[in-house]
Amino acid sequence: MDGVYGSGLRSGFANTDELGENFQINLAIQKGWQVPQVGLVKTRLVLINATDNINELRNGTGIGIFEPGYGPRRTVYAGISIPLPALGAGHGGP
């Protein structure tokens with residue numbers, strides 16, 4: 001579990017205004033599986049922005065900023081890590 005907090009970037013004419021605060025909570029779980037002839041295979045599930053807050057990073061005003069930008073909405077990622085064989089494994093070598 002981790003979190004990201006932003007206190008608000010500058011906005012408006014000549015950067016005289018400030019955006020509101022934003023935060024995001026991320027959750028993850030990982031499990032390792034010992035697979036014969038393969039090794040340790042890891043599976044992982046990640047939930048980004050668990051509370052589904054709309055995080056406005058910039059609003060398109062201010063000096064050098066031309067379009068609004070937002071943090072990610074609620075997103076789920078899944079992944080599998082499989083170890084590669086050691087270099088030189090599988091051939092007789094010199």
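Which residue in β4 is the bridge partner of Tyr 5? The bridge partner of Tyr 5 in β4 is Phe 23. The model discussed here is predicted. The protein has 8 strands and 0 helices, and 17% of its 94 residues are buried.

**Overall make-up**

- Read from the N terminus, the order of elements is β-β-β-β-β-β-β-β.
- Among the contacts with a separation of 6 or more, 44% are between residues 24 or more positions apart.
- The protein has an accessible surface of about 7,200 Å². Carbon and sulfur atoms account for 60% of that surface.

**Strand β4 and its partners**

- Strand β4 covers residues 22-35, and strand β1 covers residues 2-6. These two strands run antiparallel and are joined by 5 bridges. The pair formed by Tyr 5 and Phe 23 involves β4 on the Phe 23 side.
- Strand β5, residues 39-48, also pairs with β4. The pairing is antiparallel and extends over 9 bridges. Gln 30, for example, has Arg 44 in β5 as its bridge partner.
- β4 and β5 form a hairpin with 3 residues between the strands. In this hairpin, Gln 37 has a positive phi near 65°.

**Asn 26, a buried residue in β4**

- Asn 26 is located in strand β4. Is Asn 26 buried or exposed? Its relative accessible area is 11%, and buried means under 20%, so Asn 26 is buried.
- The side chain of Asn 26 makes a polar contact with the side chain of Gln 24, at 3.1 Å.
- Setting aside neighbours within four places in sequence, Asn 26 is in contact with Met 1, Asp 2, Val 4, Leu 47, Ile 48 and Asn 49. Of these, Asp 2 and Val 4 fall within the residue range of β1, while Leu 47 and Ile 48 fall within that of β5.

- Which residues make the nonpolar surface patch of about 480 Å²? The patch is made by Trp 33, Val 35, Val 38, Ile 80 and Ile 82.
- Trp 33 and Val 35 fall within the residue range of β4. Ile 80 lies in strand β8, which spans residues 75-81.
- Ile 80 has a relative accessibility of 60%. Exposed means over 50%, so Ile 80 counts as exposed.

Terms used
Residues numbered from 1 in each chain as written. Predicted model: local features only at pLDDT ≥ 70, side-chain atom pairs only at ≥ 80, totals over all residues. Heavy atoms only, no water. Pairing = 2+ DSSP bridges. Helix = DSSP H or I, 4+ residues; strand = E, 2+ residues; numbered from the N terminus. Patch = residues over 30% accessible without salt bridge, like charges linked within 9 Å, V, L, I, M, F, W, Y side chains within 5 Å. Areas by Shrake-Rupley, 256 points an atom, 1.4 Å probe, with all protein chains shown as cover. Salt bridge = Lys/Arg side-chain N within 4 Å of Asp/Glu carboxyl O. Buried < 20%, exposed > 50% of the residue type's maximum accessible area, 1.4 Å probe, protein only. Contact = heavy atoms within 4.5 Å. Polar contact = N/O pair within 3.5 Å; in protein donor to acceptor, adjacent residues only side chain to side chain.
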